[in-house]
Amino acid sequence: MTTTAADSPGFSPEDHRWMRRALAAAEQALFLSNPNPRVGCVLVRDGHWLAEGFTQQVGGRHAEAQALHDAARQGVDLRGATAYVTLEPCSHQGRTPPCADALIRAGVARVVVGLQDPNPQVAGRGIARLRAAGIRVDQGLLAAESLALNPGFCSRMTRGTPWVRIKSAASFDGYTALPDGRSQWITGEAARADGHRWRARACVVLTGIGTVTADDPQLTVRAVGTPRQPIRAVLDTHFCLREDARIVDGGSLWVFTAHADVAKAARLAARNVRVVTLPEDQGRLSLPALMRWLGEHEINEVHVEAGAHLQGALLAADLVDEWVGYVASAILGAGPGLAVLPAPVQDLSAAPRYEFLDAVQCGADFRLRMRQPGHWQALLAACGLPA
């Protein structure tokens with residue numbers, strides 16, 4: 001079941017004001033709600049704010065339920081109120097009861113929806129249930145902004161795979177380390193803290209065994225506060241991971257390999273490490289198979305911090321949706337680059353190209369963010385939005 005925004009009237013400045021507040025509430029779930037979407041809900045009557053909420057940790061209240069809980073705590077009567085919700089209220093029993101039913105019981109008169117939920121279990125059914133109860137529903141307000149908060153959830157629901165974001169740090173002339181491999185630190189503290197924010201919003205932080213062997217990273221979120229740590233994941237075709245590597249400790253770790261050692265896997269399992277066997281593709285792990293597996297296991301966003309070969313392989317497989325790159329003012333002159341493609345680009349027209357989204361100064365460095373335009377346009381279309 002699908003609906004469109006075509007039936008909805010023009011939205012007023014007040015509608016935009018309250019939906020932007022709902023989007024701001026949804027942003028508070030960035031580090032919190034995975035694998036659920038980041039959703040905000042604001043309850044208003046006669047132009048006055050009544051209550052609001054955002055999605056809690058998995059198993060906790062959804063945004064609408066949190067806003068209704070906030071209103072009940074204050075003793076607010078919601079009859080005749082308007083609910084501004086960035087994503088369509090759910091209509092099915094999942095880990096929590098349906099939010100559409102909760103809004104109906106509360107007696108709200110109108111619901112303004114940003115983005116229709118691409119989850120096949122919802123997909124317009126929440127809106128239909130509200131309308132069947134006599135509630136006016138207007139949809140499509142700032143829908144693209146809601147999608148931008150939830151590219152991973154919407155990607156998983158529409159194409160079955162997560163949204164993949166590469167994070168890199170390089171000198172002004174494009175090198176990620178000195179020729180001997182030393183890279184700490186090309187960028188400054190502000191850029192590193194900003195990078196940890198991107199880690200914190202991901203479901204999985206992915207790297208390759210080469211990076212683990214060379215740098216012995218933890219890949220945990222440390223520079224910013226977060227209520228949850230993302231799962232760390234290592235691509236390790238031949239299962240070379242040292243059992244004393246720092247990444248083995250500090251939280252959940254997934255190791256993807258084509259050649260599992262049962263005894264080693266059992267030892268690591270006792271330390272919260274899951275070993276997953278995937279098929280090989282020309283001597284490397286199959287990256288499309290990896291993304292399908294991640295999608296099947298409720299992974300919305302993958303944050304890649306890896307070496308040039310893995311980043312190049314992901315690019316060549318057309319699996320990179322977004323790139324967050326930090327550029328320092330240093331000039332190194334030589335060293336490893338950002339990506340090594342399996343086959344050199346023979347013509348500029350064949351080079352992978354992205355569109356720049358923003359440039360933000362982070363201390364002495366700059367953060368450049370790019371997105372693959374075809375992937376974004378396909379996601380817009382899958383969610384019923386104009387490209």
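In which handed crossing does helix 2 pass helix 3? The crossing is left-handed, a term for a near helix turned anticlockwise from the far one by less than a right angle. This is a predicted model, where local features need pLDDT of at least 70, side-chain atom pairs count only at pLDDT 80 or more, and totals for chains, interfaces and linings use all residues. Residues are numbered from 1 along each chain as its sequence is written, and side-chain values use heavy atoms, without hydrogens or water.

**Helix 2 against helix 3**
- The axes of helix 2 (residues 63–74) and helix 3 (residues 99–106) come within 9 Å and cross at roughly 30°.
- Helix 2 and helix 3 are therefore roughly parallel (angles under 35 degrees).
- E64, A65 and L68 of helix 2 meet C99, A102, L103 and A106 of helix 3 (contact: heavy atoms within 4.5 Å).
- By class, this contact has six nonpolar, no polar and one charged residues.

**Helix 2 itself**
- At 1.5 Å a residue, the 12 residues of helix 2 should span 16 Å, and the end C-alpha atoms are 17 Å apart, which agrees.
- Buried here are A63, E64, Q66, A67, L68, D70 and A71 (under 20% relative accessible area, 1.4 Å probe, protein chains only).
- Their cover includes strand 1 (40–45), strand 2 (48–54), strand 3 (82–87) and helix 3.
- G75 follows helix 2, with a positive phi near 75°.

**Helix 11**
- Helix 11 (residues 308–316) is mostly covered, with seven of its nine residues buried.
- Those buried are A308, L310, Q311, G312, A313, L314 and L315.
- Just after helix 11, D318 has a positive phi of about 60°.

Methods:
Axes fitted to C-alpha atoms, helices over the stretch in contact; angles between N-to-C directions. Helix = DSSP H or I, 4+ residues; strand = E, 2+ residues; numbered from the N terminus. Parallel < 35°, antiparallel > 145°, perpendicular 65-115°, else oblique. Nonpolar A, V, L, I, M, F, W, Y, C, P; charged D, E, K, R; others polar. Expected span 1.5 Å × (residues − 1). Buried < 20%, exposed > 50% of the residue type's maximum accessible area, 1.4 Å probe, protein only.
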